[in-house]
Amino acid sequence: MSKRKLGRGVAVAGYGMSKFGVLPGLDCRDMFVDAFKDLVNSVDKGLDPKDVEANYVGCCGAWNWEAQAGIAKWCTDWANLVPIPSTTIDNACASASVAIRNGIIGIASGLYDVVLAGGVEKMTTLPTEGTTLVLATGADKTWECYAGYTFPGLYATMATAHMNEYGTTPEDLMAVAIKNHNNGAINPVAQMPNTITQIMEQRQARAREKGKPVPGWVTEMDFLHDDQYNPMVAWPLRLFDCCPITDGAACVLLVAEDIAKNFTDTPIYVTGTGQASGRALHSRDTLTSIPASQIAAKQAYEMAGVGPADIKIAEVHDCFTIAEVMAISDLGFFKPGKDAATAAAEGKTARDGIKPINTSGGLKCKGHPVGASGAGMIGEVFHQMRGEAGARQVPNMDVNLAMTHNVGAHGTTVVVQIYERR
Amino acid sequence: MSDMPFTATSFDKLCGEKKLMATRCKDCGKVELPPRPICTGCNSQNIEWTELNGKGKIVSFTVIGVGPWTMISEGYDRNNPYCSGIVEVEEGPRISTQIMGVDVANPENIKVGTPVTADFVERGSFSLVPEVANVRKTYLVFKAS
Ligand SMILES: [Zn+2]
């Protein structure tokens, strides 16, 4: 295949998000409007909403969680952008990235100059059993859900395979959660803005207040091994191996490269984009990597003309701890197996490590409103590349090249994008 | 059987007759489970049904406490978890399946490579709509042998 390029350059000129968390009383359109208002305020030189020509909205389950189909139209309406075209995109947890990629393609084609793209998800309306069922529909309903599989169960099956093939340990995975909590703890927009140590201290204080026996954990690993406080969800994955259930919306302003400076002096340019599909888990040759991640990454690297060593930071899909381990090898940052599995424990993926991964706290702490998460990832690299990440700003590094990696379901869709600040 | 379409509905019906059927490409011989209408080996549309011997081995697995309603309605919960996994059948392909007869209380004792044999169980359907979820059908499962 020839190395494809975008027909013309595209830049990200603004980013906005609603709160991420449990947001009673806010429907998808309400959260989207919050994200849109935040986006308008983020554009350094201002945005006239009348200049927005199309709206692409990723959303995975509003038809069920909120009983609303075609959510993009209502987001467009409530943002007062009617009659521009609205497109709802469902690619499970990669929905926002696919929406944004389609916005990029829309500008690259020459059809539009200014596009709004992002996603929204309302997940907390159902009891746990209902949400478990809706999330499972992101997998193959006919052949995986049939087998009793849940979403955590599919990633747990990959974790079991990783442990069996490479000797990966539960502690390797726990180290990923600890690292992402360390980042999330200093992210003011994170759903879980706490280190594991802070969570331990809260639980101990609560037990003391109630006159109950105070758990005697000393280290974060003690807490993470506690079956009562960190129960198994799908063996070998425990609660703190899993991201939370989140309501939220996020969106980006995409503009043609030649007019980007009309919006901001520091746009970030999309230099590579890749997207691939994958089969059900049982129909893949490997259970210890996600083939669609590797293919999407190859497309993005070739388009951008860079390699894994050039990427300064990446927001990768860590819906479960094992997902981050697979991502950092699939993207070429670490060797598959032990090298990737021990990267977090060895500090290599920390903010001050050789390859900072998920400086936002990742889906684990920032939250995972599934249809919106891909846009949230771009938010973090947008802020890091512009030096606006505050306490999270990676030290001693000019973040001029960054990546986002967004996985739909358990690898049935993957979008990888590379951004450059010039 | 030769005129049954290569669909999940046909597969379910065959499971109801206690037959584990896969598809086979008449051009390159590739056996597919789950059954498929187009060969993933050579793109051929020249497909036939073939019966499997029901023997396989565990490739990977998990043990689940909070399952979908199809499993909850069978009495599975945190105190009564179940094993789901991927089984490779002797004829080659792999399928997702519930794996019975393994030590779900001690998942660390369940070993990749354990031989299993096909069996069939009845339970409700995977649906968000109760009327559909209550329709019972036959499921393929595997049992540690
Ligand atoms: Zn064939």
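Two strands count as paired here if DSSP finds at least two bridges between them. That is the rule behind the first thing I want to show, in a model that is predicted.

Which residues are the protein donors of the zinc ion? They are C25(B), C28(B), C39(B) and C42(B), each through SG, and they lie 2.3 to 2.4 Å from the ion. Along the chain the donors follow the spacing C-x2-C-x10-C-x2-C. C25(B) is in strand β1, residues 21-25, while C39(B) is in the loop between β2 (31-32) and β3 (47-51) of chain B; the two are 14 residues apart, and the pair links distant parts of the chain.

On geometry: the 4 donor atoms subtend angles of 103 to 116° around the zinc ion, and the arrangement is therefore tetrahedral. For reference, the ideal angle for four tetrahedral donors is 109.5 degrees. The cut-off in use asks that all angles lie between 85 and 135 degrees.

Are C25(B) and C39(B) buried or exposed? C25(B) has a relative accessible area of 1% and is buried. C39(B) is buried as well, at 3%.

Staying in the loop between β2 and β3 of chain B, P34(B) is found there too. The peptide bond from L33(B) to P34(B) is cis, with omega near 0°. Chain A has a cis peptide bond to point out as well, joining V82(A) and P83(A), with omega about 15°. P83(A) lies in the loop between α3 (71-78) and β3 (86-89) of chain A.

On to β8, residues 137-144: 8 bridges join β7(B) to β8(B), and the two run antiparallel.

Now the aromatics. How many aromatic pairs are there over all chains? The count comes to 13. I will take W143(A) as the example. With Y146(A) it forms a tilted pair, 5.9 Å centre to centre and 45° between the planes. Both W143(A) and Y146(A) are buried. W143(A) also pairs with F11(B): the ring centres are 5.0 Å apart and the planes are at 70°, so this pair is edge-to-face. The cut-off for that label is over 60 degrees between the planes.

Why does the pair of W143(A) and F11(B) join two chains? Because W143(A) lies in the loop between α5 (128-136) and α6 (151-166) of chain A, whereas F11(B) lies in helix α1, residues 8-16, of chain B. W143(A) has 9% relative accessibility and counts as buried. F11(B) is buried too, with a relative accessible area of 0%. Ring pairs link W143(A), Y146(A), F11(B) and Y139(B) into a cluster.

Y139(B) has a charge over its ring: K137(B) lies over the face, at 5.2 Å from the ring centre. In chain A, R29(A) lies over the face of W78(A), at 4.3 Å from the ring centre.

Last, some backbone angles. A409(A) has phi near 55°, a positive value in a residue other than glycine. A409(A) is in the loop between β10 (401-408) and β11 (413-420) of chain A, and at 0% relative accessibility it counts as buried. K18(B), also not a glycine, has a positive phi near 60°. Its place is the loop between α1 and β1 of chain B. Buried or exposed, for K18(B)? At 57% relative accessibility, K18(B) counts as exposed.

That is the set I wanted to go through.

How values were computed
Residues are numbered from 1 along each chain as its sequence is written. Chains are lettered from A and ligands numbered from 1 in the order in which they are written. This is a predicted model: local features need pLDDT of at least 70, side-chain atom pairs count only at pLDDT 80 or more; totals for chains, interfaces and linings use all residues. Side-chain values use heavy atoms; hydrogens and water are left out. Helices (H or I, at least four residues) and strands (E, at least two) are DSSP runs, numbered from the N terminus. Donors are N, O and S atoms within 2.8 Å of the metal (3.2 Å for Na, K and Ca); water is not among the atoms, so sites may look incomplete. Four donors count as tetrahedral if all angles lie between 85 and 135 degrees; four count as square planar and six as octahedral if opposite donors are over 155 degrees apart and all others between 65 and 115; anything else is irregular. Buried means under 20% relative accessible area, exposed over 50%, partly exposed in between (1.4 Å probe, protein chains only). Rings of Phe, Tyr and Trp (its six-membered ring) pair if their centres lie within 6.5 Å; planes under 30 degrees apart count as stacked, over 60 as edge-to-face and the rest as tilted. A charge sits over a ring if NZ of Lys or CZ of Arg is within 6 Å of the ring centre and within 35 degrees of the ring normal.
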